[in-house]
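This briefing covers a helix pair and a sheet. Please have the sequence and the structure at hand while reading.

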Amino acid sequence: MNAQRHEVPESDRRPRNLVSQIRRIGGLLLIVIAAVAIASCGGSDDSSSGSANGDGGGGGNGDFKVALMSEGAKNDKSFSNSVYDGASRAAKEHGLDMEFVGSLVTPDEFLRQGNSFASSGVDLLMFIHGGMAVQAREVARRFPDVTVCVGPVQPTPEEEKTDPPNMCYWDVQQQDGSFMAGALVAMMPGVDHIGSVNAFEFAAITRQAEGFALGARCINPDIKFTQTYIETWTDTDKARAAAQSMISAGVDVILSATDSAVVGIYEAARDASKPVYVIPSYFDAYEQAPDVILTTILHNLDGAIDDLITQAQGEGLEDHAVLDYDFVNGDVGKLAPFRDKKKAIGAENIERWQTEIVDAVKSGDLEIPGTVTTDPQLGSVGSGTKLDPTEFGCKA
Amino acid sequence: MSEAAFIALVVVGVQLMVPLLLASLGELISERAGVLNIGIEGCMALGAFFAAVAVTSTDSLIAGLALGLAVGVLTGIVLAWLYVGLGLNQIITGLMFTILALGVTAALFERYTQSAKGTLAPRLPIPLLSDIPWIGEMFFDHSILVYGAVALVPVCAWFLKGTWWGLRTTSAGENPSALDSAGYSVRLYRSIAVVIGSTLAALGGAVLVLATSGRFVSGMTAGRGFIALGVVVVARWYPGRALLVCLLIGITQALQFQVAAIDALESVPVDVWVALPYLAAVLAVVIGRRARYPSATTIPWIGQKG
Amino acid sequence: MRMDSTGLASAPPVAVGSRRDGWWKAAPVRAAVRLAGALALTAGLMSVLVIALGANPVETFQALWQGAFGSPFNVGSTAIVAAILVLTALAFALPYTSGFLNVGGEGQMYVGAIASAGVGLSLAPSTPVVVALLVSVAGGVVGGSLWAGVVGVLRAWTGANEMITSLMLNFVAFALANYAVSVLWPVPGVGQQTQPVIPAARFPELWTNTPLNTAVLLALAVAAGVWWILRHTRLGFKMRVTGLSEGAARQAGVGIRGITTTTFLLAGGCAGAAGAISVLGVNGALYNGFSADYGFIGIAVALVARSSPILIVPAAVLFAALRVGSDNLFANAGISPSLGAVIVGSLVITLLATRVLRPTAGKG
C-alpha cells in the first residue's frame, strides 16, 4: 500500500437518510441472527454438568465445588478429555458441583480464571497444566480457604518449603506407560525402527518419548529410534508430515506424544506402503483409526484425577500434598486392549511381555526411572538412547 | 540425503503446500480488487470445521468440499458486506472477524465431537506421468485434492488476465475511479472478489481437514491464513508465482521433519527448521523488487450509489 | 429587527443550536445523541447474541464489568493489560504515522520479552532493585528495537515490503522464544517457561495484592514521550511529513532512509517494553505462548485511536477491559472462553458498524 493518507470527508461516510439507516440496521440484525443461529448450536450449557446434587451416590456432598482449568478442550479425545472424564466420574459418584473450562492459553489467563473461580467460592481448584505452578501458587496465597492443585508437575525442594499449605501437586509418571509400550513393540516381529512425534520440548513430553525408546531398548538394544518435535498440540498437518518423513525413513511404529494433532499421524500411517502402527496416548482412540492404532497408552489420567478429587472432598488433602501416580500405585501406563492387533503382536510375545515387563514392574524387579532421577535425566532429549537399560533391571 | 529421503521431502512439501496455496489464491484475488482481508484465517477455520461436520455425517468427500465451499460463500457475503457495503476499517474488522471465527469454531468443537474417518482422498497416481523416475513420485502421485488445487492456479491466472470480469476486478483495486467512470459498480466487483477469496480460503481449510482423516481440531489452521498474506505479496499477486512460493514454503517446512532422519543435522535446534520457511520468505521479499499493493487497497469506495 | 431594502422585517440570523433556536439541535448535543443511539443499538444486538448463546445478557454484561473493574485484583489486571496494549499500539502507530505498516509488533514484543528475561535472570541476586529493573527493561527495549530495526533497514535500503517482513519475523521470533524456553534457560522437570528473573528485576507493586505495578507508569511515560516526539520535535515532524507524502518529504530534504530506520527502531522499542512488562511485571519469567495476541490487538487499538498517543490510552483500556473481563464470563455467566472471544469480536465489529468507534478512515 502506498503511504498516502486518504481522508474521506465525514459527511460522505454517514448514511444520508432514514432509509439507508434502516437498511444498515436491518442488515446488521440479519447478520447477528445468522451468527447466532450457528453459534446457538454451540452455545448454552458450557457451564457444565456433574452437579448431581442429591443424585444418589455416597454421601451427597452437594456443597463441594470443584473447578478445573485446562489448555485443551474437554472432548479433544486426548489429555483434557481424560481429565474431564475422571472429574465427571468423581462428581457423579459423590454428588459434586464440577466446572471444567478448557482452551485457556496464556499464563495470565490461567491466573485470572483461577482468581475468578476462587473468588466465586470453589473448594478445589485444579490447574491442568504443568507449567502453571507460579500462577497456582499466587491464587493459593490469595485464597487460603481454597485447595489449589497444579499438575502434572512435581515441586522443587525450595517450592515445597515456601508454598502455602493449601497448595497441592499431582503428577502421572507417563514414562511408565511408554516404557512398557516400547518394550512390547520391540518384541513384535519385523520391528527394528520406532519413532515418536512429540509436541514441545519439556519434561512431561520428553519423558514419554525417551521412556518409549528406553523400553524398546530393554528388549532390543539395537533398535533404531527417531523422534521429531513438531512444536504444536493441534496442527494435524504437521503431525502428518512428520510421520510421513519418519515412515519413509523406515519407522514401523510411531508413538504420539502430542495432543489432538495425532489425527494427522493416523493418516500418514494409512498412506504408507508397508504396515505402520500408531500408539496414541491418554484416550482409548481405537474407533478413530481401527486399522492403524496398535493400542493406546492410557496413563489412567482419569483415574488419577478421580482419585484426587475423591480424596479432596472426602477427608481432604493434607497440607502441601504431592500426589504422584505411577503404574504400581495408580495403574498409570495401562495399555488399551489389543483387540484385533493380537496377531500382529504375536500371542507368545504378549505373554512374554506380561511376565517379563508388566509383572516385573509391578513387583519391582524392573524399575522404570523417574523424570529427574537419572543422569542424563529422562526429561532431557536423547536420554532414552543414552541410558543403559540393564541398570533398571532389563536383561542384557 | 538419500534419494528416498529427498523424494519424501518433496512429496511432503507438496502436501503441506495445498491449504496455503488455496488461501493465497483467494487472498490474491481479494487484494487485487482492493480489499485486504485479514479475516482469511477465520474463513479457513470455518471452512475446515464445516467440512469436518459434513464428512462425519455423510462419509463423503464431495459433501465435505461442498459444505466447505458453501460456508466460504456465506462468510464471504458477510465480509463483503462489512468491508464493502459498510466500508468498515478492513484491518480491524478482519482481525476481529478472525478472533470471532476462531472462537466460534473452538466453541462448536467443544460441543460436537467427531470421529475420524478413513482415507477420503486416496492417492491417485497419474498414469504414465507417475512412472517418471523422481519427478513422477514427487508430483504425479498425489490425491485429487492436490491436483485440484494446483489446477486452480491457471484458472485464477486466466480469470484475472483473460476475462473481462477479471480485468475489471483488477481495476477495482488499481484504479476504481476509472472503473466507476466506465459505468461499472466498483462495489459489486469488490464484493465478488471478497466472496471468491473467502471461498477459496474456506476450501483451503476444508482440504486441511479432508487430507487428515476428516476430523477438525481446534487450532489446526495454525496461522496459515496470516502466512498467506505474506505469500501474496512475495508472489506480487500473480497466481503462478504464488504456487512457487507456497511450494517453497511447503518444502522448507517439510525439511523440519526430514532432518529427524539425518543424523548429521541432529544437533541443530529444531527451532531453526521451524523458522526457516519464514526466513526464506523474508529473503524472497528482499531479493525481489519493491512490491506495491494495488493502489486502492483498503480504501473503501465511496462513490455515487453503486 | 432590521429592515432590508424590501422593507420587510427579517429577524437577525440566529445560530442553529443556540439558546434561541432549539439547543437540542446543537452539534455537540446531536453527536451525543447519536452516540447514545449507537451504543443502545450495540447493546441491543449484543443482547440478542448473548441470549441465543444461552446466557443472560444482564449477567453477561455484569460479569464482563466485574471481571474488568469489579475488584482491586481485576482493576490491576486490566491496568496491566492496558499498559501492554498501549505499548503495542504505539509500535503500530509510530510507523503508521510515517506511512509504514508494522504488523510485527507481536514478534518485537516476544524478542523484548526474551531479552529482558535473559538479562533479568542473569543478574546477581543482590543487585539493587533500581539497577536490576532498569537494566532488564533496557534489555527488553533494545531487543525489540533491534528486531524492528531489521524490518526498517530492509525497507530503507532494499525497499522490501515492511508488512511482509515484519509479519514473517513474528514467526521467527516465536521460534526464538521456544528456543529460549527449551534450550537456553529451561527449568528442568517443568518446561514451558524459562528460569525466573531475580526478584529485584520485577516491577514494584503499586497496590498490594493486585497485579497493579509500576509498569503502568512506564507505559504512560512512553506514550507521553511518543506524543512529545511527534508533536514537538523535528524528528516527529519529519516522520509526519514522510507519512503524508514520501515524495514531498524527500524534496524537502528529509532523509527517508534515516527516518524509516529510526521509526522502526522506536516502534520496536515500544513493543520491546511491552515484552519486558510481560516478563518483569506479570509472569516473572518468559513463558511459551505468553501473549494473547497482544501485538495484533495493539494494531486494533492504534487504529481505533487514530494513531494518537493520547487516544491510545483509553482505547487500550477498552480492549483490555474486554479481554480481562471475558475471563470472568465462565465462572459468573456460564460462557466459555471461546464464546467470550465470539462476543468480544462481535462487539468490536458492531461498535465499528454503529460508528461508535471511528478508526482512521480510508487507509484502513
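**Helix pair and sheet**

In chain C, the crossing of H3(C) and H10(C) is left-handed. The model is predicted. The points below describe this helix pair and then a sheet in chain A.

**Helix pair in chain C**

- Helix H3 of chain C spans residues 72–97, and helix H10 of chain C spans residues 256–283.
- The two helices pack at an angle of about 165°, and their axes lie 7 Å apart.
- Because angles over 145 degrees count as roughly antiparallel, H3(C) is roughly antiparallel to H10(C).
- On the H3(C) side, the residues making the contact include C:Ile80, C:Ile84, C:Leu87 and C:Leu94.
- H10(C) contributes, among others, C:Phe264, C:Leu266, C:Cys270 and C:Ile277.
- By class, 17 nonpolar and three polar residues form the contact of H3(C) with H10(C), with no charged residues.

**Sheet in chain A**

- Four strands of chain A form an open sheet in the order E7-E6-E8-E9, with parallel pairing.
- Strand E7 (224–229) and strand E9 (277–279) of chain A are the edge strands, each pairing on one side only.
- On average, neighbouring strands of this sheet are turned by 20° against each other, direction ignored.
- Strand E6 (residues 193–198) and strand E8 (residues 253–257) of chain A run parallel and are joined by five bridges.
- A:Ile194 stands opposite A:Val253 in E8(A).

**Helix on the sheet**

- Helix H9 (residues 236–248) of chain A packs on the sheet and touches E6, E7 and E8 of chain A.
- The direction of H9 makes about 165° with that of E6(A).

Key
Residues are numbered from 1 along each chain as its sequence is written. Chains are lettered from A and ligands numbered from 1 in the order in which they are written. This is a predicted model: local features need pLDDT of at least 70, side-chain atom pairs count only at pLDDT 80 or more; totals for chains, interfaces and linings use all residues. Side-chain values use heavy atoms; hydrogens and water are left out. Two strands pair if DSSP finds at least two bridges between them. Axes are lines fitted to C-alpha atoms, for helices over the stretch in contact, and angles run from 0 to 180 degrees between N-to-C directions. Contact means heavy atoms within 4.5 Å. Angles under 35 degrees count as roughly parallel, over 145 as roughly antiparallel, 65 to 115 as roughly perpendicular and the rest as oblique. A crossing is left-handed if the near helix is turned anticlockwise from the far one by less than a right angle, and right-handed if clockwise. Ala, Val, Leu, Ile, Met, Phe, Trp, Tyr, Cys and Pro count as nonpolar, Asp, Glu, Lys and Arg as charged, and the others, Gly among them, as polar.
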